[in-house]
Amino acid sequence: GDEVISIIGRRISASIRVQDLACRWGGDEFVLALHAITSKDLISQLANRLLTAISEPLQLGSQEPLQLMLGASVGVAIMDDLNLSSMDLVEKADKAMYLAKKAGKNRVEFYS
């Protein structure tokens with residue numbers, strides 16, 4: 001499990017810009033903070049790039065190799081209200097992520 005999380009974390013970090021931030025939030029959840037991006041189209045492109053990177057086959061172990069196929073659900077919240085706290089923003093993204101899971105997984109949903 002730890003190795004899988006570590007590999008996915010590296011894939012996420014390799015898929016974002018240097019000015020963006022990726023953090024493991026807990027369990028198998030990650031939070032991304034994207035600097036100066038408010039266009040839904042650009043965010044969708046990035047999220048789909050992340051889904052592609054995460055879904056690439058993952059090879060574990062060298063003696064008894066195990067290949068895993070993973071997927072992800074992405075929830076997005078855009079900071080359009082400067083009075084919104086960072087926790088409010090994360091909570092909105094979390095709600096959108098659960099909508100993505102409910103809608104069939106391996107997809108992106110925006111909080112609205």
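Where is the place of K105?

Author: In this predicted model, K105 lies in the loop that runs between helix 3 (86-102) and strand 6. Its relative accessibility is 56%, so K105 counts as exposed, the cut-off for that class being over 50%. The backbone of K105 also deserves attention: its phi is near 65 degrees, a positive value in a residue that is not glycine.

N106 belongs to the loop between helix 3 and strand 6 as well. Here too phi is positive in a residue other than glycine, with a value near 50 degrees. As for accessibility, N106 stands at 43% and therefore counts as partly exposed, since that class covers what lies between under 20% and over 50%.

With a relative accessibility of 18%, E109 counts as buried, because the limit for a buried residue is under 20%. Leaving aside residues up to four places away in sequence, E109 touches V74, G75 and V76, together with A96, L99, A100 and A103.

Pairs between aromatic rings, by contrast, come to a count of zero under the rule applied.

Methods:
Residues numbered from 1 in each chain as written. Predicted model: local features only at pLDDT ≥ 70, side-chain atom pairs only at ≥ 80, totals over all residues. Heavy atoms only, no water. Buried < 20%, exposed > 50% of the residue type's maximum accessible area, 1.4 Å probe, protein only. Contact = heavy atoms within 4.5 Å. Phe/Tyr/Trp six-rings, centres within 6.5 Å; stacked < 30°, edge-to-face > 60°. Helix = DSSP H or I, 4+ residues; strand = E, 2+ residues; numbered from the N terminus.
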